[in-house]
Amino acid sequence: PPLAASSAACAWALFVAAALVALVSTAFHGAVLFGPALGLGLGPAYERITSALLMGDILLANAYGVALAAMAGVRRAAGVFAAPVALLMVSAVLKRRGRPKGYAALHGAWHVLSAAGMWLLLHLQTANFALLPSREFIR
(Lines give C-alpha, C1' and ligand atoms only; values in the text may rest on other atoms or scores of the structure.)
Protein backbone atom coordinates (compact mmCIF):
# COMPACT_ATOMS: atom_id res chain seq x y z
CA PRO A 1 0.00 0.00 0.00
CA PRO A 2 1.13 3.60 -0.57
CA LEU A 3 2.88 5.36 2.28
CA ALA A 4 1.19 8.22 4.07
CA ALA A 5 2.96 11.44 4.98
CA SER A 6 2.12 15.09 5.43
CA SER A 7 1.37 16.54 2.02
CA ALA A 8 3.36 19.76 2.54
CA ALA A 9 6.47 17.97 3.80
CA CYS A 10 6.16 15.32 1.11
CA ALA A 11 5.72 17.88 -1.65
CA TRP A 12 8.86 19.75 -0.58
CA ALA A 13 10.87 16.55 -0.20
CA LEU A 14 9.83 15.39 -3.66
CA PHE A 15 10.60 18.81 -5.13
CA VAL A 16 14.10 18.90 -3.61
CA ALA A 17 14.77 15.30 -4.66
CA ALA A 18 13.58 15.97 -8.23
CA ALA A 19 15.72 19.10 -8.41
CA LEU A 20 18.77 17.12 -7.25
CA VAL A 21 18.12 14.39 -9.82
CA ALA A 22 17.70 17.04 -12.53
CA LEU A 23 20.92 18.80 -11.52
CA VAL A 24 23.07 15.65 -11.55
CA SER A 25 21.44 14.28 -14.70
CA THR A 26 21.94 17.58 -16.51
CA ALA A 27 25.58 17.71 -15.39
CA PHE A 28 26.17 14.16 -16.64
CA HIS A 29 24.45 14.62 -20.00
CA GLY A 30 26.10 18.03 -20.45
CA ALA A 31 29.54 16.60 -19.72
CA VAL A 32 29.01 13.80 -22.22
CA LEU A 33 27.61 16.04 -24.95
CA PHE A 34 29.67 19.19 -24.47
CA GLY A 35 32.67 18.20 -22.33
CA PRO A 36 35.17 17.78 -25.16
CA ALA A 37 34.03 21.02 -26.81
CA LEU A 38 34.51 22.84 -23.50
CA GLY A 39 38.07 21.59 -23.21
CA LEU A 40 37.48 18.78 -20.73
CA GLY A 41 39.19 16.42 -23.15
CA LEU A 42 38.69 12.68 -23.29
CA GLY A 43 41.44 11.58 -20.91
CA PRO A 44 41.34 9.82 -17.55
CA ALA A 45 40.03 12.88 -15.68
CA TYR A 46 37.12 13.20 -18.10
CA GLU A 47 36.37 9.48 -17.72
CA ARG A 48 36.39 9.78 -13.90
CA ILE A 49 34.11 12.81 -13.96
CA THR A 50 31.59 11.33 -16.37
CA SER A 51 31.65 7.95 -14.58
CA ALA A 52 30.97 9.60 -11.22
CA LEU A 53 28.18 11.72 -12.68
CA LEU A 54 26.66 8.67 -14.40
CA MET A 55 26.63 6.72 -11.13
CA GLY A 56 25.08 9.69 -9.34
CA ASP A 57 22.48 10.05 -12.08
CA ILE A 58 21.53 6.38 -11.93
CA LEU A 59 21.50 6.13 -8.13
CA LEU A 60 19.54 9.34 -7.55
CA ALA A 61 17.01 8.64 -10.30
CA ASN A 62 16.38 5.11 -9.04
CA ALA A 63 16.12 6.22 -5.42
CA TYR A 64 13.64 8.89 -6.47
CA GLY A 65 11.67 6.33 -8.45
CA VAL A 66 11.52 3.95 -5.48
CA ALA A 67 10.35 6.75 -3.16
CA LEU A 68 7.74 7.87 -5.67
CA ALA A 69 6.50 4.29 -6.13
CA ALA A 70 6.31 3.83 -2.35
CA MET A 71 4.18 6.94 -2.04
CA ALA A 72 1.99 6.44 -5.10
CA GLY A 73 1.74 2.67 -4.91
CA VAL A 74 3.92 0.19 -6.76
CA ARG A 75 1.10 -1.03 -9.01
CA ARG A 76 0.25 2.47 -10.19
CA ALA A 77 3.92 3.44 -10.65
CA ALA A 78 4.62 0.25 -12.61
CA GLY A 79 1.72 1.02 -14.93
CA VAL A 80 2.84 4.60 -15.48
CA PHE A 81 6.49 3.71 -16.07
CA ALA A 82 6.10 0.52 -18.13
CA ALA A 83 6.41 2.31 -21.49
CA PRO A 84 9.29 4.60 -20.48
CA VAL A 85 11.30 1.68 -19.05
CA ALA A 86 10.67 -0.33 -22.23
CA LEU A 87 12.02 2.61 -24.28
CA LEU A 88 15.08 2.80 -22.03
CA MET A 89 15.81 -0.90 -22.44
CA VAL A 90 15.40 -0.81 -26.23
CA SER A 91 17.61 2.30 -26.42
CA ALA A 92 20.32 0.47 -24.46
CA VAL A 93 20.17 -2.43 -26.94
CA LEU A 94 20.48 0.00 -29.84
CA LYS A 95 23.48 1.67 -28.21
CA ARG A 96 25.23 -1.68 -27.77
CA ARG A 97 24.50 -2.56 -31.40
CA GLY A 98 26.16 0.65 -32.61
CA ARG A 99 23.00 2.49 -33.66
CA PRO A 100 23.54 5.93 -32.09
CA LYS A 101 20.65 7.72 -33.82
CA GLY A 102 18.10 5.15 -32.70
CA TYR A 103 19.64 5.16 -29.23
CA ALA A 104 19.50 8.95 -29.00
CA ALA A 105 15.89 9.10 -30.22
CA LEU A 106 14.60 6.44 -27.82
CA HIS A 107 16.72 7.63 -24.91
CA GLY A 108 15.37 11.15 -25.43
CA ALA A 109 11.82 9.78 -25.61
CA TRP A 110 12.50 7.92 -22.37
CA HIS A 111 13.46 11.19 -20.68
CA VAL A 112 10.29 12.90 -21.88
CA LEU A 113 7.95 10.04 -20.95
CA SER A 114 9.65 9.54 -17.57
CA ALA A 115 9.21 13.21 -16.75
CA ALA A 116 5.56 12.99 -17.83
CA GLY A 117 5.10 9.92 -15.63
CA MET A 118 6.64 11.66 -12.62
CA TRP A 119 4.40 14.67 -13.20
CA LEU A 120 1.36 12.41 -13.47
CA LEU A 121 2.08 10.55 -10.23
CA LEU A 122 2.93 13.75 -8.38
CA HIS A 123 -0.13 15.52 -9.75
CA LEU A 124 -2.38 12.66 -8.70
CA GLN A 125 -0.86 12.68 -5.23
CA THR A 126 -1.05 16.39 -4.61
CA ALA A 127 -4.43 17.07 -6.24
CA ASN A 128 -6.63 18.95 -3.78
CA PHE A 129 -3.72 18.96 -1.29
CA ALA A 130 -4.29 15.29 -0.46
CA LEU A 131 -1.19 13.14 -0.62
CA LEU A 132 -3.02 10.00 -1.63
CA PRO A 133 -6.02 9.73 -3.93
CA SER A 134 -9.14 8.01 -2.72
CA ARG A 135 -9.33 4.23 -2.92
CA GLU A 136 -11.98 4.53 -5.63
CA PHE A 137 -9.54 6.42 -7.85
CA ILE A 138 -6.79 3.86 -7.36
CA ARG A 139 -8.92 1.00 -8.67
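His-107 is buried, at a relative accessible area of 14%, where buried means under 20%, exposed means over 50% and partly exposed falls in between (1.4 Å probe, protein chains only). This histidine sits in helix 4, which covers residues 100-126; helices (H or I, at least four residues) and strands (E, at least two) are DSSP runs, numbered from the N terminus. Leaving aside residues up to four places away in sequence, His-107 touches His-29, Leu-88 and Ser-91, a contact being heavy atoms within 4.5 Å. Helix 4 also holds Ser-114, which counts as buried at 10% relative accessibility. With the exclusion of residues up to four places away in sequence, Ser-114 touches Phe-81 and Pro-84.

These details come from a predicted model, in which local features need pLDDT of at least 70 and side-chain atom pairs count only at pLDDT 80 or more, while totals for chains, interfaces and linings use all residues. Residues are numbered from 1 along each chain as its sequence is written, and side-chain values use heavy atoms, with hydrogens and water left out.

Stepping back to the whole protein chain, the secondary structure comes to 5 helices and 0 strands, and the order from the N terminus is α-α-α-α-α. Of the 139 residues in the protein chain, 24% are buried. Among contacts between residues at least 6 apart in sequence, 69% join residues at least 24 apart.

Helix 2 spans residues 44-72, 29 residues in all, and reaches 41 Å from its first C-alpha to its last. That is close to the expected 42 Å, the expected span being 1.5 Å times one less than the number of residues. Buried residues of helix 2 include Tyr-46, Thr-50, Gly-56 and Asp-57. Ala-63, also found in helix 2, counts instead as partly exposed, at 45% relative accessibility. The C-alpha atoms of Ala-63 and Val-21 are separated by 9.5 Å, although the two residues are 42 apart along the chain. Helix 2 is followed by Gly-73, with a positive phi near 105°.

What does the interior look like? In soluble globular proteins, nonpolar side chains tend to be buried together. Here the largest nonpolar core has 12 residues, among them Cys-10, Val-21, Tyr-64, Phe-81 and Leu-121; such a core is a set of buried Ala, Val, Leu, Ile, Met, Phe, Trp, Tyr and Cys residues joined through side-chain atoms within 4.5 Å. Helix 1 (7-34), helix 2 and helix 3 (74-96) each supply at least two residues of this core. Helix 2 gives the largest share, 5 residues.

Helix 3 has a kink of about 50° at Phe-81, shortly before the proline Pro-84; the bend at a residue is the angle between axes fitted to the seven residues ending there and the seven starting there. Both Phe-81 and Pro-84 are buried in helix 3, and Arg-76 and Ser-91 are buried there too. Just after helix 3, Gly-98 takes a positive phi of about 75°.

The average pLDDT is 82, and 82% of the residues score at least 70; pLDDT is the predictor's confidence in each residue, from 0 to 100. Confidence is highest in helix 3, at a mean of 93, and lowest in helix 5 (residues 135-138), at 44. Over residues 128-139, pLDDT stays under 50, and the model has 20 contacts beyond four places in sequence for this stretch.
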